[in-house]
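Dear colleague,

I am passing on the structure we spoke about, with sequence and coordinates placed directly below. My notes on what was found in it follow after that.

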Amino acid sequence: MKRYNLLLQNIPDFVKHLQAQGEVLAPHTKGDNSFSFDKVTDANNVILDYNRTLQSIRKFFLPPTERLLNYSLTENTFTKVEIENNQRIFLGVHSYDMQAVLKLDFNFSDRTPEVNYLKRRENCTFIGVSFEPDDFHFSRSVGITVEATEGFDIFLNRHENGYEVQVLTERGEGIIKGFNALENAPELAETNRQFKNKIKFNHNRLPEVMEQSWKSPVWDEVAKRCVGCGTCNLVCPTCYCFNVVDNVDLSLKDGSRDRHWDGCMLNSFAAVAGGENFRETLASRQRHRIYRKFKYITDKTGDPWCVGCGRCAAYCTADISIVEIINQLSDEFEQNYLRKSAAPAEQII
Amino acid sequence: MTLSTQEHNPRELYYPEMAEITAIKQYTELEKWYEITLPGGRDLEHQPGQFAIFSLFGIGEAAISICSAPSKKGAFDICVRKVGMLTEKLHQLEIGQKIGVRGPFGTGFPVADFKGKDILIIGGGIGIVPLRSLINHVIDNRDDFGRLVILYGAKNPQELLFPDELQKWNDDPRIEYQVTVDQGSPEWQGNTGVITTLIPGLDLDLDNTIAAIVGPPIMYKFVLMALKSKRLPDENIYMSLERRMKCGVGKCGHCQINDSYVCLDGPVYHFPDIKNLPEAI
């Protein structure tokens, strides 16, 4: 692995170097205290020090609204939609969001590989950046460190005067080639980035906790506060459920079949024509959301499907915290299923 | 890290094939039967119990089970209750009009494993529709199977589907057909009562009988209890479940029962595989 040093004052030039090679997408400020991943038009507006973007980069591979096909109502025919896969460079991605993309790669290639998502994933370069965990991040509890480089072509590790540049792949080498404003790699002290927010148990024990939590009173407790707005689904980087809707132009001659992000927290999610709703209560929908992250896919892959970004809690309209839910379930599990004489639950970190 | 899509061989999953409605029968106020013909009379190549996703431009898509057996060539059948947006519009269509089709999707009844077995069909209400694909498969391959016992329950005589075929089932010496309605009418001469009232009187060869059950959610529990008191082994029971579906290919998330996707792992389930799924019924 090649290592360099990138000084803060050279970052705009680095962004311009990237722009010469493809579309660059990076964090920008949005409003007073939010951040958003958007196309870079001015290299000076890129923000590399940020806590989290409102949406993860999922939106570039599974857009909030995506046209699946166009049709003519007068002809009763349809035309296919071209899926673009231009060169794209994602700059300033946090480790947990990269991990989320790798998880979505699994979901969209598993069993019935989907061309819409997978084609958008072609021709992508990822440049990661370290972050300082805030009150909501808990990635370490799901096995993801700040400096985890899996999936990245280049990783930028913040230090006092700039970034240590780790070139991780051939693609990364190709991208950095010709950019001369790099210094020799700095000697870095061990980083000690602490997560304040923690899941009580090691994540590999959570499927066992979930196994015993189906009838837990915690679901009803959470449901008392939850308003079922679906914000947690909308901001989750590993949520990918969608609805498909036909939209007709005002002319009533043409229209499109579109897919939109959907959320399992919404009341109509499991309702069928005729009035049956297979997940009618908020408690059952909360449980489904949590099991999707810590049991169902985890049983198949061995990995939690939550990346600890903290978005669902940070943006929850009712201050519901996924970490609190997991910890309450873990407490119950400890009280009900672990013998008092057994060794205390393994703490992480 | 970029992704090489070639290694995954991704497919275009959401483009329908335009098929033609070639016959229509109105059975009840709410239910119509359609024969659908794919371009060139191509077979859908489905298994009994599978479904497809049908679409009308400007309205949307809906998952509907196929009610003809694979032995019907050149076209296939669906029977549709007018209950939602798509089915409302579908009911207005006429012969010669076109409808989008994707599929077939999901699991069918494992008919190869049923060979030599007695087949017990238990259909409640519109549940008889997907079961008709299995019934017709057995009828068309009659010597491959043992007894064919059909129990059919409906709310009232007016809601009985496939009336022309019910008479044939009744008259066929190789079919043991029983029907019941929850509420009779002055003209109704047959059984009244829920479908479970037909089960205690059955004389079943327990080790050699396969039960295929489809009906409204409320029906399953009572039918399963009735079969349990007959001591029919769980391994001999298959059922088909309904869920909301938007993709048919295990992506959109709507049809999930716990960790099972009804569109991939169902709609036809082997009962032992779902009896521990709390959300199943």
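In helix H2 of chain B, the buried residues are Ile128(B), Val129(B), Pro130(B), Leu131(B), Arg132(B), Ser133(B), Leu134(B), Ile135(B), His137(B) and Val138(B). Please bear in mind throughout that this is a predicted model. Since ten of the 13 residues of H2(B) are buried, the helix is largely enclosed by the rest of the structure. The elements against which these buried residues pack are S4, S5, strand S7 (118–124), strand S8 (148–154), strand S11 (209–214) and strand S12 (237–240), all of chain B. The length of H2(B), which covers residues 128–140, can be checked as well: at 1.5 Å a residue its 13 residues should span 18 Å, and the end C-alpha atoms are 17 Å apart, which agrees.

Two of the strands just named, S4(B) and S5(B), lead on to the sheet. Chain B has an open sheet of six strands in the order S4-S3-S6-S1-S2-S5, with antiparallel pairing. Strand S4 (60–65) and strand S5 (76–81) of chain B are its edge strands, each of them pairing on one side only, and from one strand to the next the twist averages 40°.

Six of its six residues are buried, so S3(B) is largely enclosed by the rest of the structure. In a regular strand the side chains alternate between the two faces of the sheet. Both faces of S3(B) are covered, with Phe51(B), Ile53(B) and Ser55(B) buried on one side and Ala52(B), Phe54(B) and Leu56(B) buried on the other. Towards S4(B), strand S3(B) pairs in the antiparallel sense over six bridges, and Phe51(B) stands opposite Ser65(B) of S4(B). The hairpin of S3(B) and S4(B) has three residues between the strands, and in it Gly58(B) takes a positive phi near 90°. S3(B) is also joined to S6(B) by four bridges, the two strands running antiparallel, and Phe54(B) has Val101(B) in S6(B) as its bridge partner.

Strand S6(B), residues 98–105, is in turn joined by four bridges to strand S1(B), residues 17–26, and these two run antiparallel; here Ala19(B) stands opposite Ile99(B). S6(B) also holds Pro104(B), and the peptide bond from Gly103(B) to Pro104(B) is cis, with omega near 5°. Another cis peptide bond joins Gly266(B) and Pro267(B), with omega about 5°; Pro267(B) lies in the loop between helix H5 (262–265) and strand S15 (268–270) of chain B.

Where do the two chains meet? The contact takes 46 residues from chain A and 37 residues from chain B. On the side of chain A that touches chain B, the elements giving two or more residues include strand S4 (65–72), helix H3 (95–109), strand S7 (124–129), strand S11 (242–248) and helix H10 (296–301) of chain A. S11(A) provides the largest share, six residues. By class, that side of chain A has 24 nonpolar, ten polar and twelve charged residues.

Inside chain A, helix H7 (residues 218–225) and helix H9 (residues 282–294) pack at an angle of about 110°, with their axes 8 Å apart, which makes H7(A) roughly perpendicular to H9(A). H7(A) contributes Trp219(A), Asp220(A), Val222(A) and Ala223(A) to the contact, and H9(A) contributes Leu282(A), Ala283(A), Gln286(A) and Arg287(A). By class, this contact has five nonpolar, one polar and two charged residues.

Asn123(A), in the loop between H4 and S7 of chain A, has a phi near 55°, a positive value in a residue other than glycine; with 17 other C-beta atoms within 10 Å, Asn123(A) is partly exposed. Glu45(B), in the loop between strand S2 (31–37) and S3 of chain B, likewise has a positive phi, near 60°, and is exposed, with 11 other C-beta atoms within 10 Å. Asp42(A), in the loop between strand S3 (34–39) and helix H2 (58–61) of chain A, is exposed, with 10 other C-beta atoms within 10 Å.

With best regards

Methods
Residues numbered from 1 in each chain as written. Chains lettered and ligands numbered in written order. Predicted model: local features only at pLDDT ≥ 70, side-chain atom pairs only at ≥ 80, totals over all residues. Pairing = 2+ DSSP bridges. Axes fitted to C-alpha atoms, helices over the stretch in contact; angles between N-to-C directions. Parallel < 35°, antiparallel > 145°, perpendicular 65-115°, else oblique. Contact = placed C-beta atoms within 7 Å. Nonpolar A, V, L, I, M, F, W, Y, C, P; charged D, E, K, R; others polar. Expected span 1.5 Å × (residues − 1). Buried ≥ 20, exposed ≤ 12 C-beta atoms within 10 Å, placed from the backbone.
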